[in-house]
Amino acid sequence: MSYSEKLIDHYENPRNIGSLDKSSEDVGTGLVGAPACGDVMKLQIKVGADGLIEDAKFKTFGCGSAIASSSLVTEWVKGKTIDEAETIKNTDIAKHLALPPVKIHCSVLAEDAIKAAIADYRAKIAKKTEETQVTNKDAAE
Amino acid sequence: MNAIKQIRRNDQPIYLDYQATTPMDPRVLEAMLPYFTYKFGNPHSRSHSYGWEAEEGVEKARGQVAKLIGADEKEVIFTSGATESNNLAIRGVAEFYKDRKNHIVTTVTEHKCVLDTCRHLQEQGFEVTYLPVQKNGLIDLDALRAAITDKTVVVSVMAVNNEIGVIQPLAEIGKICREKKAFFHTDAAQAVGKIPLDVEAMNIDLMSISGHKIYGPKGIGALYVRRKPRVRLVPLIVGGGQERGFRSGTLPTPLCVGLGEAAEICLKEMDGEARRLKKLQDRMLKGLNDKLTDIIVNGDLEHRIPGNLNISFAYVEGESLMMGIKGLSVSSGSACTSASLEPSYVLRALGVEEEMAHTSLRIGLGRFTTEQEVDTAVDELVRHVNKLRAMSPLWEMAQEGIDLKSIEWAAH
């Protein structure tokens with residue numbers, strides 16, 4: 001299979017490999033895919049006080065297209081708000097990397113990964129807000 | 001006589017896919033050349049010397065092939081390759097004996113051309129038993145014995161598996177088939193010329209042979225068809241009645257000569273070559289084991305041709321590994337390399353879990369593989385496996401002591 005230069009570049013020089021502290025309040029973690037299917041992506045975002053994604057890291061088990069797709073989205077989400085990051089579409093990823101038709105699922109997985117990371121971050125914020133409210137309530141009583 | 005040390009150009013990757021195909025031995029090419037040019041006659045022409053000369057070449061080749069497998073030259077017919085041979089053997093025998101028998105026994109790890117032939121016959125009303133294999137890739141002889149009935153016309157078990165290189169117990173299988181009065185067909189495309197084969201000692205009735213797996217040309221193969229006791233076949237291709245009526249069509253003289261020469265070289269060099277390849281296989285495995293953890297050889301290591309290794313590099317997906325090791329030409333059991341998106345059915349039949357099947361590579365060593373190439377391959381594999389593990393979430397979890405099976409993965 002022949003791949004685009006951009007894809008090969010992301011495979012050979014992947015951006016933002018690594019892990020963030022998943023227990024940290026400002027980090028959202030998305031883990032999608034399954035080993036039995038041949039691809040698993042872990043994508044993490046760190047959201048700053050200004051609401052912008054200040055860091056993103058990934059680790060991927062999968063083919064070259066899966067690695068490139070996840071590397072690419074970590075670049076794309078940085079500096080965006082989570083609402084903006086949520087609008088990233090698999091079709092944009094597939095187009096940018098010129099994924100062959102049999103590899104489109106890799107871009108779908110990358111979109112899922114970013115959505116899962118955002119959902120995890122939002123869940124943490126919601127829980128924190130709830131706890132704060134409960135604490136405030138307790139204090140008021 | 002091993003003057004040729006290297007057949008690839010220096011800008012080509014190291015070829016480690018000898019189960020897919022082999023380069024033609026230059027000695028084979030040399031034997032073939034006259035039959036492309038001045039010895040161009042039709043081997044079936046009886047009226048002039050052009051024909052006689054070509055016929056002589058073909059008949060010599062038939063003898064060379066026969067000698068390699070302990071057969072009589074009259075029992076060897078030329079085909080276009082092992083796929084045709086497998087089709088002809090199984091369909092031919094099934095159709096000829098269909099009034100008396102309607103059952104075929106084969107295994108789940110056969111080559112697609114055997115499995116597909118069997119499916120085709122099933123559609124026509126034949127019954128097929130697909131024997132499972134054990135964890136090591138070998139069939140259970142008791143299960144085979146139990147599967148054969150008085151309706152079984154043929155048992156088709158491959159000699160050596162194309163993905164994992166394991167050698168089935170041919171002599172034992174042959175003995176059981178003879179006792180139970182079923183014909184024994186073996187797809188020996190990956191075995192011929194690599195391990196000693198003897199159709200008499202092993203009670204083999206039909207054997208498929210491929211040219212391009214034994215350093216011969218592509219587009220030629222052979223089928224051994226036993227004469228005593230006689231095995232009858234309905235031909236797939238009819239016409240001029242060449243090849244004892246089993247396979248009509250003018251023989252491709254240069255290809256037949258090439259197959260014959262390839263067979264003779266294999267016979268002459270088999271012992272030394274097997275020892276040399278065993279050393280290379282050991283060297284590769286030791287090199288990888290010294291520098292990597294969590295690697296698993298798929299299939300039995302002992303009952304295996306020395307030119308094959310099938311290894312799962314846990315936590316690293318096969319296609320991404322192949323993309324990294326650009327200097328090596330290997331193949332993968334991973335789904336991602338195939339259109340089907342299913343991992344290797346052979347590995348699955350061994351009970352290899354899907355996640356491990358995705359991490360497998362098939363490494364094939366052969367006549368032109370050198371020690372230096374093996375060392376280079378080990379270095380390159382180690383480097384890329386380490387690089388990919390560093391970016392694998394599964395490797396990270398495993399290092400943290402997380403049991404990957406405890407996680408509820410969202411399959412997609």
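Chain B, with 412 residues, has a radius of gyration of 22 Å, which agrees with the value near 22 Å that a compact globule of that length would have; the radius is taken over C-alpha atoms, and the globule rule is 2.2 Å times the number of residues to the power 0.38. This is a predicted model, in which local features need pLDDT of at least 70 and side-chain atom pairs count only at pLDDT 80 or more, while totals for chains, interfaces and linings use all residues. Residues are numbered from 1 along each chain as its sequence is written, and chains are lettered from A, with ligands numbered from 1, in the order in which they are written.

Along its principal axes, the C-alpha trace of chain B spans about 75 × 50 × 35 Å, and the chain holds twelve helices and 13 strands, where helices (H or I, at least four residues) and strands (E, at least two) are DSSP runs numbered from the N terminus. Among the contacts in chain B with a separation of 6 or more, 72% are between residues 24 or more positions apart, a contact being two residues whose C-beta atoms, placed from the backbone, lie within 7 Å.

Chain B also touches chain A: 24 residues of chain A are in contact with 22 residues of chain B. On the chain A side, the elements that give two or more residues are β1 (27-34), β2 (39-47), β3 (53-61) and α2 (64-77), and the largest share, four residues, comes from β1(A). The residues of this side divide into 15 nonpolar, six polar and three charged; Ala, Val, Leu, Ile, Met, Phe, Trp, Tyr, Cys and Pro count as nonpolar, Asp, Glu, Lys and Arg as charged, and the others, Gly among them, as polar.

Most residues other than glycine have a negative phi, and most peptide bonds are trans.

| Residue | Phi | Other C-beta atoms within 10 Å |
|---|---|---|
| B:Tyr215 | about 70 degrees | 28 atoms, buried |
| B:Glu243 | near 55 degrees | 20 atoms, buried |

B:Tyr215 lies in the loop between β7 (206-210) and β8 of chain B, whereas B:Glu243 is found in the loop between β8 and α7. The loop between β8 (221-225) and α7 (253-291) of chain B is also the place of B:Pro229, and the peptide bond from B:Lys228 to B:Pro229 is cis, with omega near -10 degrees.

Definitions and conventions:
A residue is buried if 20 or more other C-beta atoms lie within 10 Å of its own, exposed if 12 or fewer, and partly exposed in between; C-beta atoms are placed from the backbone.
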